[in-house]
Amino acid sequence: MATVFAKTHKASCLCFYKIAGFFVRKKPFQLVKEKTRFVYSAIFASIQSQTITKPWYVGGVSLLVSFLNFTKQENKSEQTPDSKIIDYLKRGVLEQTRGSYDIAGSIYHEALYEAQKQKPKMTQIQYLQAVSYIYDRLANLALIEGKFDVADALFKETMKGCLLLGMKRNDNAIIEISLKMAAIYGKQGKKIECQAGFSFCQHSLETKIQDGDSDTDTHLLYAMVLESEARYLTDQQEFSAAIANYEKAIKISQDHLEKGHPQRAVLMNDLATVYNLMEDYQKSCALLFEAVNYALENNLADLATYHYNLAEVYFKLKQHDKASQTLKLAVKEAENNSDSIVLEKAKKLRYQLKGQ
C-alpha cells in the first residue's frame, strides 16, 4: 500500500489498505487477495487499499475453519443445511473481489436469510458459526465502503458470536476485529476508544509473544497493529511515536516475511512519509532509496510510487538533476502500469522542476 506524496494533509482511512500523512495512493494495499476471510490490508490503508499478490498477514483463519470446513464441504455431493449458505458466500466473495460491492452485499444478506431459514435444521454451533462469518463479511464490506457506523455494529456482532463459540479474548481473530474497530474509531475522531483499541491489541499480542507464542501469524499481526497505529499517530502528528512503531514493524517484517514480500517496501515508504512530514528529508531520502532498490530487486508493483516519492524528496533537497532523472523513471514505470495517480503527480513535479 505504497503512497504518493500529496500537498495537503489528509486524514487516514482504514484496508487496511485508506492513508495518513501527505501521501495519497490509489488503493494502498489490501492485506489479502480474498484468500482468507478478512479483507485485510493494513487497517488504516484498507479502505482505499489496493489488492496485492501476497498477503501481509494470513490470519483470521479460525472463523473460516470453524465455519463448516469449506474444503470438506466441497467434496461432499449431498446437500446439507449449510450448502446454500456456502454457495451464497462463495458468490459474494467473488463479487467483492471484482469490486461489485452492492451485488456482494445483496448476496451476503441472502446468505444471512438462508442461515435464518435453515436454523431449525442446524446445531446452535453451526448456526453461530454461519452468522458470525456472514456478519464478518458484511462488516468488511461496510469498512471498504466507508460505512463506519455499520461496520462497527457488524464487527461487534461478529465478536459476540466468536465469544459465544468459545473463542478467547486474546484469539488472533478477536484481535483482528478489535484492530479494525480501533481504526474505525480513529477515522470517526473517537480518540479514547481508538487508543483503547490499539492498547488492547498491542498488550494482548505482546503478552502472547512474551509467553512463548512463536506462531508467525501472531508476530505479523503484531506488526500490522504497530503499522496501523503508526498511521493513526502520523495523522495526529505524533511523529516520534509513529516512528517507533514503524521501526518495530520493519524489524518484525524482516524476521518473519520472506525476502521479496512487498510489505517490507511499503513499511520503508511509510516511515519515509513520517520523516517527510517532519522535514527530515535526508532520512526520508535514505529510506526511499532503499525501498526503490528493494522494489527493483523483487519486481514490485509499486516501484513507480517509490521512484516518484524519491524524486520529490530530491526536489526538496534541491538536488534537481537527481529529481529529474528519478522522475523520468517514475513516469516510465507508471506508464507501463497505467498508474494514473503517479502520472498526475509527476506532471506537477515536472512543472516545478522547470521553474528551477
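Good morning. I begin with Glu312, which counts as buried at 9% relative accessibility; buried means under 20% relative accessible area, exposed over 50%, and partly exposed in between, with a 1.4 Å probe and protein chains only. Before I continue, please note that this is a predicted model, in which local features need pLDDT of at least 70 and side-chain atom pairs count only at pLDDT 80 or more, while totals for chains, interfaces and linings use all residues. Residues are numbered from 1 along each chain as its sequence is written, and side-chain values use heavy atoms, with hydrogens and water left out.

Which residue does Glu312 meet in a salt bridge? The partner is Lys316, with 3.3 Å from N to O. A salt bridge here is a side-chain nitrogen of Lys or Arg within 4 Å of a carboxyl oxygen of Asp or Glu. Lys316 is partly exposed, at 30% relative accessibility.

As background, side chains of opposite charge can pair when their charged atoms come close.

I turn now to helix H4, residues 101-118, where Glu114 and Lys117 lie 3 residues apart, about one turn of the helix. Their side chains form a salt bridge of 3.5 Å, N to O. Glu114 is buried, at 2% relative accessibility, whereas Lys117 has a relative accessible area of 45% and is partly exposed.

Helix H6, residues 148-164, holds Glu157 and Lys160, again 3 residues apart and about one turn of the helix. The closest N and O atoms of this salt bridge are 3.3 Å apart. Here Glu157 is partly exposed at 32% relative accessibility, and Lys160 is partly exposed at 44%.

How many salt bridges does the rule count? The count comes to 11.

Finally, the cysteines. A disulfide is a pair of cysteine sulfur atoms within 2.5 Å, and a search of the whole structure finds 0 of them. Cys194 is accordingly in no disulfide; its nearest cysteine sulfur belongs to Cys201 and is 10.0 Å away. Is Cys194 buried or exposed? Cys194 counts as buried, at 0% relative accessibility. Cys162 is likewise buried, with a relative accessible area of 0%. Thank you.

Technical notes
Helices (H or I, at least four residues) and strands (E, at least two) are DSSP runs, numbered from the N terminus.
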